[in-house]
Amino acid sequence: MDSTNSDDQNDHTLFVKWAETFLPEINQFLFQMGLNSTHRNTVLKRAFKEMRNTYQEGPPDRGRVLLYKKAAVTMQQEIETQEHNESEAIFVHQEDRELHELLQRLPEDQRAAVVLTAFHKMSLEEISMIVQIPEAETEELVKEGKKKLIHKLEEMDGTRISEENLEKLLGFLKSSYIKIPLSVDANELVDEPVASSRDLNYVSFYKSKWVLSLSGLLIAGLIGLFIAQSFSDSGRQTEQPSDEDNSEIMLSTADGETIDSLEELGAEVERRIQQLEADLGLSEGELYQVDYIQEAMNQIQAFQQRNQLAEEGELNPFEIQDALNRLVTPLTYVQQEEFSSRDEYTLAIHSDRITKQYLEMAESLMEQYDAALEEYEPELEGLGDQPIEDFSFSPEAAALLDKIGQNGYETVVTPERNQFELSIGGEEFSEVADLQIGSGKINNSYIEYIQFMREKLPFVQGEQLHLSMEEAPNVLLEAERLLKGMMYTEPLAEELLSQHQLLLEFLVQGSESNPIFTEEGMLMPDVEAVWEKLIGEEELQTYASSRYVRQFYAELEENNFRKPQEWQSFQSEHETSPVLGYMVNAPDSGLFPLNSELNQLYNQYQAEKESAVLSGLTEEETIQLYLNAISIGDLETLYSLFAETEDRPDRESFLQETDRENLYSQDLTRVAEITEIGSREGIKQMIIVLSDGASSSQQTVIPLKEENGSWKIVYQQGDVLITT
């Protein structure tokens with residue numbers, strides 16, 4: 001046998017053994033990141049093939065970390081088609097399955113940081129290499145990810161979770177993750193030994209096409225798409241290039257032409273910079289002061305200078321394509337995005353990503369515009385009371401103001417200071433941002449958030465309210481309206497959700513420096529006025545925040561608005577955000593189905609039909625029993641939960657005329673809220689809200705009355721939960 005072929009065969013055998021060592025843990029990592037078996041197999045094959053020529057270079061740990069990095073980069077192409085259909089077979093305990101699902105709800109970078117720390121024992125330096133962010137930010141990702149997990153667990157279980165407890169719970173998952181099936185054999189990863197490096201015909205990097213010695217990148221055809229399209233087109237199979245083309249990387253110009261040399265890249269960058277100068281009305285020197293342009297140029301220049309890194313397997317063509325795509329105006333960045341999906345969750349993720357990127361670009365550009373406008377502020381001395389659009393600026397100032405408006409900003413003047421003030425908005429922004437929910441770009445809630453709410457943030461900082469008490473009710477309800485169209489766990493929504501919760505707590509609990517009670521223990525008059533503004537009949541029907549405040553108002557109303565002794569315990573029972581249940585992908589509110597204690601009580605009442613069994617239940621708990629009877633079509637128990645009123649039909653008529661199949665068909669797992677909204681002549685009015693997230697919700701009012709020491713449902717002809 002030829003010695004060269006023998007060496008190649010030995011190399012192949014060594015690689016297979018190396019792959020067998022790491023296949024199980026990379027498979028676990030991909031499952032932990034949310035990929036189903038089909039997409040895990042795709043990523044495994046690509047990642048290991050890319051490592052074929054580099055797995056033995058340097059210390060063994062370096063090869064392991066680089067393999068994780070390859071898997072993480074390749075995984076991005078599959079991210080939008082994640083499924084979790086294997087969980088049932090892998091997790092024996094419900095608690096383990098729930099914790100795994102909570103992991104999936106973390107933002108991807110935080111999820112990766114937590115997974116790599118908790119299950120793969122990676123250092124911060126190694127995680128930084130894998131997820132490709134500065135090491136200084138990696139520790140923060142781990143902390144934030146664990147903090148969110150603790151918060152979600154506490155919401156779900158209603159108990160305090162320490163970080164030590166979280167580590168133990170994560171430890172329990174390890175035994176389940178070991179059972180994840182592996183359907184890729186190490187021998188499948190490379191069909192035949194590849195040519196050794198001495199057989200490859202290398203030419204100068206600057207004179208050749210962009211060479212990567214990593215033979216398995218397998219993305220020459222894919223990189224012609226924008227980075228965002230690599231997410232949206234996950235359902236489309238990437239065409240596999242031939243072996244001789246595996247070393248090429250082709251980037252895409254704005255016109256769809258390909259770039260396959262550094263000279264062409266330089267020409268394309270120069271063309272884009274010139275276009276930006278014209279579009280933004282800034283000089284080249286001013287462009288380089290804009291953060292997002294500076295960052296993109298730094299990435300491209302580093303790419304041009306690091307020709308040797310291609311041989312070390314460190315080059316990331318997706319990153320370079322993304323940098324090239326960001327050499328546009330912020331509004332163009334939004335307009336060039338193409339995305340389609342029927343999945344609300346996927347759309348929400350994409351909308352948030354695009355909106356976040358847009359804001360980062362737009363706000364860094366706004367800083368440069370602010371600096372450029374300072375030169376023309378002396379002209380404002382002649383403005384007086386004229387509207388800015390009627391004032392005759394110098395041609396240079398007028399041209400700059402025109403460009404600012406064309407790029408999605410509103411310019412106003414503060415006459416007392418003779419200064420320009422910029423904010424995102426205006427006709428051009430509204431025209432471009434007029435993208436309906438479902439576009440996968442900036443959805444309506446985010447648009448309104450940009451236009452209105454960001455100007456008011458923060459509502460509360462420390463103990464300081466940044467709004468007047470008169471403004472607070474309107475801002476609170478407006479924030480809730482926007483949150484219903486946002487996605488839980490994403491950055492923009494989290495910022496607004498946090499401030500909404502702080503404002504709500506401020507209004508109902510006050511603070512040490514802003515108490516809601518007088519020294520005599522009476523509710524402050526201005527606080528009482530704010531509450532009453534929030535709990536009007538229309539507000540109670542529409543807003544969860546209003547119903548939340550209504551509970552505090554009702555508790556004090558029974559005590560003539562004097563602080564009761566049990567006030568502190570009452571406050572502690574009402575700490576969950578009332579808005580979460582309405583948001584896209586919000587955590588289950590836990591109101592229904594029944595918990596184990598209520599389920600046991602339901603079974604007892606179902607057998608005995610004795611009202612004494614219901615004594616001590618709250619109105620909300622009685623409603624839950626009522627919903628349970630509807631959901632399982634238990635007509636006998638349902639009828640026995642009705643109070644003895646004139647409108648209640650006789651038992652036989654109810655049993656004969658009620659459509660049991662209709663009861664079965666209702667999805668009552670979507671119950672987001674059960675809250676009292678009023679009381680009149682001994683009848684409590686309870687509102688039930690069923691929410692699909694975003695702005696889709698259905699609500700109905702159920703009256704209850706106290707009868708023989710327990711709460712019973714007041715029968716209503718045409719009750720939508722029973723008759724539709």
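## Report on a predicted protein model

The protein exposes about 34200 Å², and carbon and sulfur atoms supply 44% of that area. The model is predicted. Its secondary structure consists of 32 helices and ten strands. Of the 724 residues in the protein, 52% are buried. Among contacts between residues at least 6 apart in sequence, 68% join residues at least 24 apart.

### Aromatic pairs

A pair of aromatic rings is described by the distance of the centres and the angle of the planes. With rings paired when their centres lie within 6.5 Å, the count comes to 20 aromatic pairs.

The angle falls in the tilted class because planes under 30 degrees apart count as stacked and planes over 60 as edge-to-face. Y548 and F552 stand four residues apart in helix α25 (residues 544–557), and about one helical turn separates them. Y548 has a relative accessible area of 5% and is buried. F552 is likewise buried, at 0% relative accessibility.

These residues belong together: F517, Y548, F552, W567 and F570 form one aromatic cluster.

A ring also takes part in an arrangement with a charge. The charged end of K484 sits over the ring of Y582, at 4.8 Å from the ring centre.

Helix α22 has 19 residues. From its first C-alpha to its last, α22 reaches 26 Å, close to the 27 Å expected at 1.5 Å a residue. Its buried residues are L492, A493, L496, L497, Q499, H500, Q501, L503, L504, F506, L507 and V508. Just after α22, G510 takes a positive phi of about 70°.

E480 is found in helix α21 (residues 472–483). Is E480 buried or exposed? At 0% relative accessibility, E480 is buried, because residues under 20% relative accessible area count as such. E480 and L496 are 16 residues apart in sequence, and their C-alpha atoms are 9.0 Å apart in space. Leaving aside neighbours within four places in sequence, E480 is in contact with H500, T542, Y543, A544, S545 and V579. Among these contacts, A544 lies within the span of helix α25 (residues 544–557).

### Residue R111

R111 is found in helix α6 (residues 108–118). With a relative accessible area of 5%, R111 is buried. A polar atom of the R111 side chain lies 2.4 Å from the backbone oxygen of M33. R111 is also 9.7 Å from E144 in space, C-alpha to C-alpha, although 33 residues separate R111 and E144 in sequence.

### Backbone features in loops

The peptide bond from L457 to P458 is cis, with omega near -5°. P458 lies in the loop between α20 (444–456) and β5 (460–461).

N560 has a positive phi although it is not a glycine, and N708 is likewise a residue with positive phi that is not a glycine. The table sets out the values for these two residues.

| Residue | Phi | Loop | Relative accessible area |
|---|---|---|---|
| N560 | about 55° | between α25 and α26 | 60% |
| N708 | about 55° | between β9 (697–707) and β10 (710–713) | 66% |

Are these asparagines buried or exposed? N560 is exposed, with a relative accessible area of 60%. N708 is exposed as well, at 66%. Both values place the residues in the exposed class because exposed means over 50% relative accessible area.

The loop that holds N560 runs between α25 and α26.

Methods
Residues numbered from 1 in each chain as written. Predicted model: local features only at pLDDT ≥ 70, side-chain atom pairs only at ≥ 80, totals over all residues. Heavy atoms only, no water. Phe/Tyr/Trp six-rings, centres within 6.5 Å; stacked < 30°, edge-to-face > 60°. Helix = DSSP H or I, 4+ residues; strand = E, 2+ residues; numbered from the N terminus. Buried < 20%, exposed > 50% of the residue type's maximum accessible area, 1.4 Å probe, protein only. Lys NZ or Arg CZ within 6 Å of the ring centre and 35° of its normal. Polar contact = N/O pair within 3.5 Å; in protein donor to acceptor, adjacent residues only side chain to side chain. Expected span 1.5 Å × (residues − 1). Contact = heavy atoms within 4.5 Å. Areas by Shrake-Rupley, 256 points an atom, 1.4 Å probe, with all protein chains shown as cover.
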